[in-house]
Amino acid sequence: MHRRCDSDHLLAQGWCARIERVLVFGDAIGTGEDTLAEQAQRTGQVPLVDYLVLGDEPHLVAVECTKCGARYFDRRNACASCFGDQFKTVPIDNDGVLRSFTIVAHAGPGVEVPFVAGVIDCGGTSVRGNVINVEPDPDNVTLGMAVRLATYSLGQDDNGTEAIGFGYEPVGAAAAG
Ligand SMILES: [Zn+2]
């Protein structure tokens, strides 16, 4: 079922592989009534990661251990903290605070630099994500700054399915794209 990806762009190949994965496993953590495959067919969009839920108000979802409350962004069979095996899906706040960041100046081919890799505290849950829609320099990116989830297009595959990624933009930043 996987469509061959004609692009030799490394990043594009990466998300092609992701699309295949989410189409196969997308409903594993129960993000809604729609499977991601159905969502892609209806909206023409597919999230880059399966913990990103698209729609009117895009947001992240985590799986939470019902025993100890540890949260994970990938599917788990057992909790790394307590070995519990029961999980529920919980939505993550879109608003957060930048707790740490790195301005990445060198990366593999196909990755635009510099960019800002960050750890964002979203209502007590740590999320790794890039800080986007901002000049990637220390004048504009500061610890403790308020940020909010933002999505962006990574491009389309040959069938017109659009891959959607997420990052965090400074609150009050001009909407870009
Ligand atoms: Zn646990």
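**View A. Buried residues of helix α2.** Helix α2 spans residues 36-43, and L36, Q39 and A40 are buried within this helix. Buried means that 20 or more other C-beta atoms lie within 10 Å of the residue's own, with C-beta atoms placed from the backbone. The three cover an arc of only 100 degrees around the axis, so they sit on the same side of α2. The arc is taken from the directions between the helix axis and the C-beta atoms. An α-helix has 3.6 residues a turn, so residues three or four places apart point the same way. G44 follows α2 and has a positive phi, near 75 degrees. Helices are DSSP runs of H or I with at least four residues, strands are E runs of at least two, and both are numbered from the N terminus.

The model is predicted: local features need pLDDT of at least 70, side-chain atom pairs count only at pLDDT 80 or more, and totals for chains, interfaces and linings use all residues. Residues are numbered from 1 along each chain as its sequence is written.

**View B. L98 in strand β6.** Strand β6 covers residues 95-104 and includes L98. L98 is buried because 21 other C-beta atoms lie within 10 Å. Beyond four places in sequence, its contacts include G118, I120, V131 and V147. Contact means C-beta atoms, placed from the backbone, within 7 Å. L98 and V147 are 49 residues apart along the chain, yet their C-alpha atoms are separated by 6.8 Å.

**View C. V131 and its contacts.** Leaving out residues up to four places away in sequence, V131 touches L98, F101, V116, G118, V141, V147, G167 and Y168.

Terms used
A residue is buried if 20 or more other C-beta atoms lie within 10 Å of its own, exposed if 12 or fewer, and partly exposed in between; C-beta atoms are placed from the backbone. Two residues are in contact if their C-beta atoms, placed from the backbone, lie within 7 Å.
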